[in-house]
Amino acid sequence: FVLAVACSVVATVCPAETPNVMSVDDVVFIGKKLMMKCQTKGYPAPSATLMSSIFNSSVLTAGGKPTDQSNSLLSTFLPVLNSLTAATSKNPPGQIPVEALEKMKSNMWNCSYLPAMIRTIRNSSEQVKCYVEAFVAPLSWATAASPSTSTFSSADYDTLLSAARSVLLDVSSAVMNLPATIDGQKLKQMMITLRSVYGTLNEDQRAEVLNWAREQIVQNNFSCTLKKTPNSKPKPLASCKPTVKWLDSDALNMIGPFLSSLQPTDVDASPQGTLCAFFTSGQFSSSVSGVTRMNPSLAKVLLQSFQQCFSPNEFQKYLDKLGPLACYYSASNLTSDLSKKLLSQLTSCDSSITSKLEKTLIKNVLSGPITAQALRDLGRNVALVPPKQLATLSSADVKDLLQNPGVEWSRSQMFTLVKKQLGGKKCGEVLGADVMALQSVAAGLPSCALKKLKAQDVLANTEALRNISKQMNKGQLKAVLEGLGGNASLSDLMEKLPGPLLRCVSLTNLKKANITSLDQVENKTWSVSQAAYLAKKMRELNKVNFRRLKSVLQGVTCKMIAEVNDSQLLETVQALAETPQWLSKTQVRCAAGRLFKSLEQKRSDYFRNISEQELAAIPNLLLLYMTPEKVKDLPDSVCQAFLDKMAAADLNSLPLNAPSRLALTQRALLCLTIGKNLSELTKADVLRLGPILCETPPSRLALMAPDVIQFSLQAMASCQSIPQLHRPDLVRLVTQTFGSPSNWTAALVESVGPLILLDDNATSALPNAPWMKDSLAFLKLNLIHMSDAFRKKYFEVATAAASSSARRRRAANSTTAPTAALIEELGLDNVLWTASQLDGMSDSTFLAAVDTLGSVPGYSPDQLVVLSKKAVQVFGPVSQMNESAVVQLRCIAQGFSNADLAGLPLPLDSLDEVALCGWKDS
């Protein structure tokens with residue numbers, strides 16, 4: 001929900017509504033929303049007498065005189081408070097009497113008393129403080145964000161901002177409506193508050209705050225504007241020159257983490273030497289400490305700017321201050337200590353971007369003798385150490401290394417460490433203590449060894465059991481259970497087994513476990529079939545408590561939901577909606593249908609006359625399942641609440657073909673355009689749509705103002721799903737707005753690239769520029785579905801980038817040989833190598849990358865011929881291959897003859913993984 005600017009202060013009086021100002025309706029709605037949280041906490045509403053005393057005391061403290069109640073803040077507060085509790089036949093719960101609302105709209109609020117009131121209520125009881133702070137929060141934000149705040153002292157302005165912070169935390173889109181002008185001191189105070197809520201804002205909101213702050217800085221310091229539209233002042237500001245140096249040290253410190261939303265061209269707006277001082281002082285590192293994501297184009301420009309401040313050797317002293325820039329640093333000739341420094345900065349980088357860099361750094365760190373301590377220093381990066389190097393560890397170092405349970409080892413590493421720890425022990429020689437000592441690499445053992453694990457070995461150490469089972473496949477987990485079940489009661493196992501093992505317990509054994517209470521099943525993660533049994537069991541025992549069922553909710557049937565009494569139904573569906581991750585779409589549809597039927601039995605025209613409070617009580621998850629007729633019937637009076645709920649809704653819980661999608665979109669747009677046309681909508685209005693924006697037809701978007709269209713498309717780039725029918729017109733609108741994809745810059749690809757990827761031709765048209773690999777890798781992190789065109793484009797630019805600098809623009813069908821780093825980076829896209837390219841791969845590269853190559857389904861017969869030949873060269877004849885080699889090869893084994901496959905030592909516990917390869921019938 002969007003807050004506009006309100007209570008424009010003229011002298012000591014602020015009118016209820018002025019153009020581009022938050023309306024009384026907005027203030028009332030947000031105030032009610034925050035007050036309802038006080039009810040949820042169990043606080044009773046304070047009395048009118050008590051409130052009158054506090055309000056009048058605030059006025060006196062501010063040096064004023066108590067005014068007539070109808071013209072005071074109290075006359076606004078009391079109807080809002082009463083709407084939460086009182087109900088009459090004329091005004092159902094949640095509805096403010098029409099006459100009171102009209103009086104509010106006609107009153108003029110004395111906002112000069114707000115700071116005094118805020119200070120007064122700080123000394124009140126928790127009950128009073130909760131309700132009054134909820135009420136004054138939107139008023140405080142509206143006042144603090146108004147164009148005329150000059151009447152407030154710095155101390156009073158800070159008081160307003162501190163009271164308004166709860167609005168920014170609860171209704172983050174409030175930041176979309178900031179004052180058109182604000183003086184330098186109050187700008188600093190405002191930015192302190194905005195920096196404090198940085199983590200709650202989405203990327204679009206962060207960019208809008210940065211753009212607003214930049215505009216205020218140039219207005220205050222250079223008396224010019226960066227806006228393209230004419231200024232509405234009596235004396236319009238001149239447009240700023242392109243060379244204006246607005247990004248000085250004060251500006252950098254003021255924007256803090258919002259610098260992650262800078263455009264690459266903004267870096268040129270920093271005076272000479274400013275960025276160097278900002279970096280060396282540690283202020284950059286401090287500013288980006290909470291930044292988890294930075295576009296590659298900006299990160300690389302900032303990194304280059306910082307590097308130019310020093311000689312190469314001097315810059316290396318600051319490697320531990322790079323933050324997200326480290327993801328794009330090119331490391332060369334670094335010492336072991338410097339490599340450790342840089343590795344520590346890569347924790348927030350995605351491994352698909354930095355795997356090559358990480359391997360280079362690890363090689364530097366491990367240049368001397370390898371010890372367990374050296375490997376521990378690598379942290380999570382120890383998972384990138386080549387198995388060949390792990391094989392050189394002493395037995396004592398291996399034992400020491402295995403005490404780090406946080407590492408996710410590769411299959412090759414696990415096999416190496418198991419062999420190193422156990423030597424040549426056969427299955428019959430492996431003891432339970434041996435398995436326990438292996439910790440998380442126990443997943444490298446064959447099933448026959450895992451069956452040796454006994455209950456007395458592990459049930460006293462459930463943390464070790466959790467580490468052991470973490471990376472096991474289903475076959476291995478079954479083997480562990482077989483060993484444990486021999487000498488332990490099922491009740492003990494049910495109580496102490498970690499999630500992966502618990503989900504593998506058969507229904508036969510679960511029925512023998514003597515489960516008689518909810519305490520035995522809650523807070524555990526069950527499979528769907530187990531949950532179905534347990535839900536039925538709880539129902540038979542009459543011990544169903546929907547709020548405590550957690551993962552057992554998976555087994556709740558529509559019949560069980562239908563049996564809930566009407567008097568308990570609303571509370572029940574609210575309990576269900578608290579853990580949506582355990583609910584199927586069918587269950588949600590049943591719960592919604594049952595609730596809506598019950599509500600309409602209570603009042604036949606329930607949805608036609610629903611109040612805000614009644615709408616708020618229906619969980620968002622269920623609201624999405626309203627029939628189109630019910631959505632259409634919703635009155636305009638609940639538009640605020642409806643838009644607020646839609647902004648927080650998860651449309652992924654709704655089937656793609658659900659008829660309510662279109663109905664919800666149409667109703668949201670109608671709510672948004674009450675009293676205005678689509679062409680009059682602002683960026684703030686658009687953000688109120690939340691995920692509904694993703695469902696908005698391009699034909700409706702095209703009717704908006706040009707800057708709003710651009711903003712809307714940038715916001716839609718983060719949509720997880722866009723209706724198939726909308727995609728051609730949407731891509732057309734994108735190209736009309738931003739130009740042909742063949743001419744796009746890196747910043748533009750990173751901003752709206754996901755929309756272009758909806759069209760194969762547009763994807764293919766993106767330039768094969770050197771920067772494209774990093775930009776596409778950045779987009780790849782958040783793509784749910786990758787088209788063949790995208791995979792081909794990424795393969796082209798990734799293989800080109802891996803070529804030598806002299807041959808960087810080599811064609812995609814060249815004879816470039818795969819490297820281990822590139823194979824790991826490409827993942828499933830390794831299927832795009834030609835057979836001749838794969839044939840050019842060295843045996844050492846194949847061995848280093850076999851885990852990745854073996855996990856790729858869909859190889860062609862020509863590719864399999866080459867890869868199976870490589871497998872024989874590295875592992876020896878098929879008849880002599882051991883189980884560990886077969887597990888690593890997986891899909892490559894499809895290239896072996898049927899005769900060879902018949903004699904292959906294929907472990908039963910790896911069949912699940914091998915089955916994904918897509919085998920021929922023969």
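Helix α41 (residues 706-716) and helix α43 (residues 746-756) have axes that come within 8 Å and cross at roughly 75°, and the two helices are therefore roughly perpendicular to each other. In this wording, 65 to 115 degrees counts as roughly perpendicular, under 35 degrees as roughly parallel, over 145 as roughly antiparallel and the rest as oblique. The axes are lines fitted to C-alpha atoms, for helices over the stretch in contact, with angles running from 0 to 180 degrees between N-to-C directions; helices themselves are DSSP runs (H or I, at least four residues), numbered from the N terminus.

This is a predicted model, in which local features need pLDDT of at least 70 and side-chain atom pairs count only at pLDDT 80 or more, while totals for chains, interfaces and linings use all residues. Residues are numbered from 1 along each chain as its sequence is written, and side-chain values use heavy atoms, with hydrogens and water left out.

**Helices α41 and α43**

Where the two helices meet, L713, Q714 and M716 in α41 are in contact (heavy atoms within 4.5 Å) with S751, V752 and L755 in α43. By class, this contact has 4 nonpolar, 2 polar and no charged residues, where Ala, Val, Leu, Ile, Met, Phe, Trp, Tyr, Cys and Pro count as nonpolar, Asp, Glu, Lys and Arg as charged, and the others, Gly among them, as polar.

The buried residues of α41 are V708, I709, F711, S712, L713, A715 and M716, and they pack against α9 (203-222), α39 (683-687), α40 (698-701), α42 (727-738) and α43. Here buried means under 20% relative accessible area, exposed over 50%, and partly exposed in between (1.4 Å probe, protein chains only). D707, placed in helix α41, counts as partly exposed at 45% relative accessibility; its C-alpha atom is separated by 41 Å from that of W582, 125 residues apart along the chain.

In helix α43 lies L748, which is buried with a relative accessible area of 18%. Not counting residues up to four places away in sequence, L748 touches F738 and G753, and the C-alpha atoms of L748 and S775, 27 residues apart along the chain, are separated by 9.6 Å.

**Helix α46**

The 15 residues of helix α46 (residues 788-802) should span 21 Å at 1.5 Å a residue, and the end C-alpha atoms are 21 Å apart, which agrees; the expected span is 1.5 Å times one less than the number of residues. Buried in α46 are A789, F790, K793, Y794, F795, V797, A798, T799 and A800, and what covers them includes α44 (760-765), α45 (772-780), α47 (820-826) and α48 (835-839).

Most residues other than glycine have a negative phi.

**Domains**

The chain is divided into domain 1 (607-710 + 721-726) and domain 2 (820-915), with bounds that come from an automatic or database domain assignment. Taken over C-alpha atoms, the centres of domain 1 and domain 2 are separated by 50 Å.
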